[in-house]
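Here are my notes on this one, written for someone meeting it for the first time. Have a look at the structure, then read on.

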Amino acid sequence: MSTVLFEVSANIARITLNRPEKLNAFNREMAFALQEALDKCGNETSIHAVVITGSGRAFSAGQDLGEVTGSEHPGFGKILSEHYNPIVKKITSLQKPVVAAVNGVAAGAGANLALCCDIVVAAKSASFIQAFSRIGLIPDSGGTFFLPRLIGWQKASALMMLGEKVSAVDAMQMGMIFKYFDDDVFETSVEAICAQLASLPTQALAYTKKALQSSVHNNLHDQLIEEDELQQQAASTAEYAARVKAFMKM
Ligand code: LHQ
């Protein structure tokens, strides 16, 4: 059985982490399969939005600890540089919106891969755990970059050091995620968000993603220049011309 399921429908790519018996923990095969799926999303122009979710009761329990304790494990350096870091880079550089649909527990690298997505939504029963300190590791997969920026240094520091489980409700209240949905409407709510994203001008969303990312390192002066440049590019697209024309006719 494939460790990652990939399907495209109505301009939306659905990527499902698929090792449910291990709570979708990442082994080398699954990490490479996710990278391959993300590459397809980048290459295929008919894909306008991407959603990543998990099969079964978890989103992902992070690194498969069996793989790092076994005799043939690839080594920690390789795991980060070949598995997780490329995934974070592929998600953040994809010129399309990526939604993390966190259907259940997201722990360790599983949590941090969700947090690097453009929109993070969760089922009410889902949870987030910075599980690293519990086993004597540090948060990776971009967690030390994204989490303090999302919820502030103090909360990030406490969650990363204590390894406390955060409910989807608390995650939304602290700004870690966009929204949670009751479990019975989670799937349909995710579909609605993805359908809306897919119907919007993909290029403008890509420029928005780029501007937000630049704001992390730019000062106001440089950020205003960046907005100016990206807005001019957005304004030169056929999508803008068609949409503004349609609006003015209303
Ligand atoms: C698992 C796992 C798992 C294998 C559940 N691996 N089997 C980067 C660089 C290099 C190396 C290391 O890591 C990293 C990044 C990281 O992600 S480090 C953090 C790794 N993840 C964790 O430490 C989380 C470990 N898992 C848990 O704490 C719990 O399983 C959670 C809180 C996620 C869920 O708890 P429960 O709902 O009570 O489920 P469970 O513990 O009973 O797990 C169900 C099964 O899944 C069980 O197998 P079994 O055969 O007994 O049914 C677990 O062994 C297996 N599983 N996580 N990461």
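**Notes on the ligand shell and the helices**

1. The shell around the ligand is made up of 16 nonpolar, three polar and five charged residues. Here Ala, Val, Leu, Ile, Met, Phe, Trp, Tyr, Cys and Pro count as nonpolar, Asp, Glu, Lys and Arg as charged, and the others, Gly among them, as polar.

2. A word on the basis: this is a predicted model, where local features need pLDDT of at least 70, side-chain atom pairs count only at pLDDT 80 or more, and totals for chains, interfaces and linings use all residues. Residues are numbered from 1 along each chain as its sequence is written, and side-chain values use heavy atoms, with hydrogens and water left out.

3. Which residues come nearest to the ligand? Of the 24 around it, they are Arg57, Ala61, Gln63, Ala109 and Asp140 (a residue is near if one of its heavy atoms lies within 4 Å).

4. Now the polar contacts (pairs of N or O atoms within 3.5 Å). The side chain of arginine 57 has an N or O atom 2.8 Å from an oxygen atom of the ligand. Alanine 61 places a backbone N or O atom 2.9 Å from a ligand nitrogen atom, and a backbone N or O atom of leucine 65 also lies 2.9 Å from a nitrogen atom of the ligand.

5. On its own the ligand exposes 1,000 Å², and the protein buries 65% of that (accessible areas by the Shrake-Rupley method with a 1.4 Å probe).

6. Helices H2 (65-69) and H3 (76-93) are the elements giving two or more residues to the shell (helices are DSSP runs of H or I, at least four residues, numbered from the N terminus). H3 gives the most, with four residues.

7. H3 also pairs with H1 (residues 28-43): their axes, lines fitted to C-alpha atoms over the stretch in contact, come within 10 Å and cross at roughly 25 degrees. That makes H1 roughly parallel to H3 (angles under 35 degrees).

Notes
A polar contact is a pair of N or O atoms within 3.5 Å; within protein, one must be able to donate a hydrogen and the other to accept it, and residues adjacent in sequence count only if both atoms are side-chain atoms. Axes are lines fitted to C-alpha atoms, for helices over the stretch in contact, and angles run from 0 to 180 degrees between N-to-C directions. Angles under 35 degrees count as roughly parallel, over 145 as roughly antiparallel, 65 to 115 as roughly perpendicular and the rest as oblique.
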